[in-house]
Structure formats: structure tokens, C-alpha cells
Amino acid sequence: MWIDLHTHSSVSDGTQRPAEVMRSAALAGLDVLALTDHDTTAGWQQAADAVAHTGVSLVRGTEISTKSEGVSVHLLSYLHDPQDEALRQFFDRTRASRSGRAQRMVERIAQDYPLTWDEVLDQVEDGATVGRPHLADALIARGYVADRSAAFAHILSPAGPYFQPHWAPSTADAVVAVRAAGGVPVLAHPRSLTRGRVVSDHTIAQLAAVGLAGVEVDHPDHDDADRVDLRALVADLGLLATGSSDYHGAGKPTGLGHCTTEPQVLDQIAAAGRIEILRP
Ligand code: AMP
Ligand code: ZN
Ligand code: FE
Ligand code: FE
């Protein structure tokens, strides 16, 4: 069983439609894929429609933008009720704030690199969650940078002169809301340095106390030492350890299945979630 529990489509900042992500998963030999677009469930139906002909099982999920002690923290939720009102309100508010924030960043960037909001919108599919990767794509289209990684290295960096934050719920509030919606909350890439500071082990313990179910231990942004530390921490706290690629199509170098999750961990996620894993 080959299981990848964190991927993005063009419903947020991935480059492939949900059905194409499912087809790519089949070609890569994956048995189970979780589609986890940022702050939305809009891609679930398209991915679900591809289960039968791709033969890939689907875990419906969302990567929720949150904040903890001023640090941007990503929380994966699996198998939550998509109609849950509290989660929907978080997603709506975050998506609106992401759009305003992207427009403010364009205004700042344009002082040095001429660029319009319409050029960014050309890079975003209708209804998709807007993120810095779409700004990167507009900068690439202008010829200012070669690829998304180059855009993130300076122009889009949180340490750079153009960065603006967006609203997000606190991580603890999001964990509680995910549980109330029947979802299974898993902390995404806690040691990834692309957001500046990382959450402390103390914070992770506090999140465990309010319902956190697991931690993404194996992730392309984690080195061997991070993985050893995190594996010890999740063992201490009695949490699940997951692994995933954080695939973004052509938007990032990492391929599907680059990191994977153990079948018995998936079984525990399935048992704790309100909605079913869709199987062919
Ligand atoms: P945002 O959600 O708007 O703050 O943008 C963060 C998103 O950009 C995350 O989903 C990352 O996967 C993506 N990202 C971060 N660093 C890079 C990079 N160097 N190359 C491509 N994508 C990146
Ligand atoms: Zn992303
Ligand atoms: Fe993330
Ligand atoms: Fe992600």
C-alpha cells in the first residue's frame, strides 16, 4: 500500500486539476491519495469523480491556514463534514483575507517590478484559493524570475520587503473546529522553515491536549534530524505519524509519493473521521 496524504490541485496553488492529480497518482503507482487544497473543499467532487477510473482511493481533506504565537502554521484536516458551518466560516474568511493580502503584495511589488492584479488573476482558476504561488506565476509570466522557487527566494519571502500577512484562525481553535466537524487534525510540516520560525514542541503538546491527532513527520522540507526529533515527540504524546509529498504539480520539484504514510496510520485516520475514504 502506497499512501500520500498531502497534495494540492489548481483549486488552490497546485498546477493540475483535481482529476489530473488523481491520474498522476495512478501513474505514480499510488494506492491512496489525500487531496488537501488550502482552505477549501471545492476540489473534492472532481477528485471523487476520478476514483473509479483511476483506481486510486481518495481521502478528502483540507490544509487549513492557522496561526500560533505569530507563526504561520498549516493544519491538515482529513474526512471532515464539508457542510460544517464553523469550518466553512474559517475557510471563507481566510480565503477573502488571502485575496486582499495578495492585492496588497502586488501593490508593493509593483513599485519595483511592474505588475497588475489582473495579471495575477490570469494565473488563478475561478474560485481557487489565492496564494503567493499565483503571484510567483505572474512574476514568471513577466520574465522577472525563472520559477516559483526563485520567486520565493526573494520577492515573496516573509523576510523580504513586499510580504504581507493574512488573517487565519489560531491553530488551537482550528484543531477544536476540525474535531467538532468530525475531521482528523494533523499538523503539517512543523519543521518547515519556509514560514520563518517553527512551532515549539511545547506548542505541539498543547495542541495534542485539545485534540490534535497526528503530526506530518516525513515531509520534503524535513531533514533526517527533524524526523528523528518529531518521531520521538509523537511517540511521547501518543500521536499518529504521517508522511506525504505536499505535491503541487509543476509548481514544486517534489513528486507524488516522495514521502508516504503507513497503512495502519491510515486505518486510524479512517476510523476517527466522519466521512468515508472513497474506494474504487
Ligand atoms: P501562501 O499560502 O500564500 O502563504 O503561500 C505558501 C505556499 O507556497 C505553500 O503552499 C507552499 O507550498 C508554497 N511554497 C512555499 N515555498 C515555495 C517554493 N520555494 N517554491 C514553490 N512553492 C513554494
Ligand atoms: Zn500550497
Ligand atoms: Fe503547507
Ligand atoms: Fe501543502
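These legends walk through several close-up views of a predicted model.

Before you start, residues count from 1 along each chain as its sequence is written, while chains are lettered from A and ligands numbered from 1 in the order in which they are written. Because the model is predicted, local features need pLDDT of at least 70 and side-chain atom pairs count only at pLDDT 80 or more, though totals for chains, interfaces and linings use all residues; side-chain values use heavy atoms, with hydrogens and water left out.

**View 1. Three residues hold the iron ion (ligand 3).**
Look for Glu63 (OE), His74 (ND1) and His189 (NE2), which coordinate the iron ion (ligand 3) at 2.1 to 2.2 Å. Donors here are N, O and S atoms within 2.8 Å of the metal (3.2 Å for Na, K and Ca), and since water is not among the atoms, sites may look incomplete. Along the sequence, the donor residues of the iron ion (ligand 3) follow the spacing E-x10-H-x114-H. Glu63 sits in strand S3 (residues 57–68) and His74 in strand S4 (residues 71–78), so this pair, 11 residues apart, links distant parts of the chain. Strands (E, at least two residues) and helices (H or I, at least four) are DSSP runs, numbered from the N terminus. Are Glu63 and His74 buried or exposed? Both Glu63 and His74 are buried. Buried means under 20% relative accessible area, exposed means over 50%, and partly exposed is in between (1.4 Å probe, protein chains only).

**View 2. The zinc ion (ligand 2) has its own set of protein donors.**
How far apart are the zinc ion (ligand 2) and the iron ion (ligand 3)? The gap between the two ions is 5.7 Å. Asp13 comes from the loop between strand S1 (3–7) and helix H1 (18–28), and His38 from the loop between strand S2 (32–35) and helix H2 (44–49), so the pair ties together parts that are 25 residues apart in sequence. Asp13 and His38 are both buried.

**View 3. Arg17 and Glu125 pair up in a salt bridge.**
A salt bridge means a side-chain nitrogen of Lys or Arg within 4 Å of a carboxyl oxygen of Asp or Glu. The whole structure has 11 salt bridges, and in this one the N to O distance is 2.9 Å. Arg17 is in the loop between S1 and H1, while Glu125 is in the loop between helix H5 (117–121) and helix H6 (132–141), with 108 residues separating them in the chain. Why do these two count as partly exposed? Arg17 does so because its relative accessibility is 42%, and Glu125 because its own is 32%.

**View 4. Asp137 and Arg148 form a salt bridge between two helices.**
Their closest N and O atoms are 2.8 Å apart. Asp137 belongs to helix H6 and Arg148 to helix H7 (residues 148–153), so the pair ties together parts 11 residues apart in sequence. Asp137 counts as buried because its relative accessibility is 15%, and Arg148 is buried too, at 6%.

**View 5. Asp226 and Arg191 belong to a salt-bridge network.**
The closest N and O atoms of Asp226 and Arg191 are 3.5 Å apart. Asp226 is buried at 13%, and Arg191 counts as buried at 16%. Salt bridges that share partners join Arg191, Asp201, Asp226 and Asp229 into one network.

**View 6. Ligand 1 sits among 13 surrounding residues.**
The closest are His38, Arg98, Arg101, Arg132 and Lys252; a residue is in this shell if one of its heavy atoms lies within 4 Å. Oxygen atoms of ligand 1 lie 2.8 Å from a polar side-chain atom of Arg101, 3.2 Å from one of His248 and 2.9 Å from a side-chain N or O atom of Lys252. Alone, ligand 1 exposes 510 Å², and the protein buries 89% of that (areas by the Shrake-Rupley method with a 1.4 Å probe). Which element gives the most to the shell around ligand 1? H7 does, with 3 residues.

Conventions:
Polar contact = N/O pair within 3.5 Å; in protein donor to acceptor, adjacent residues only side chain to side chain.
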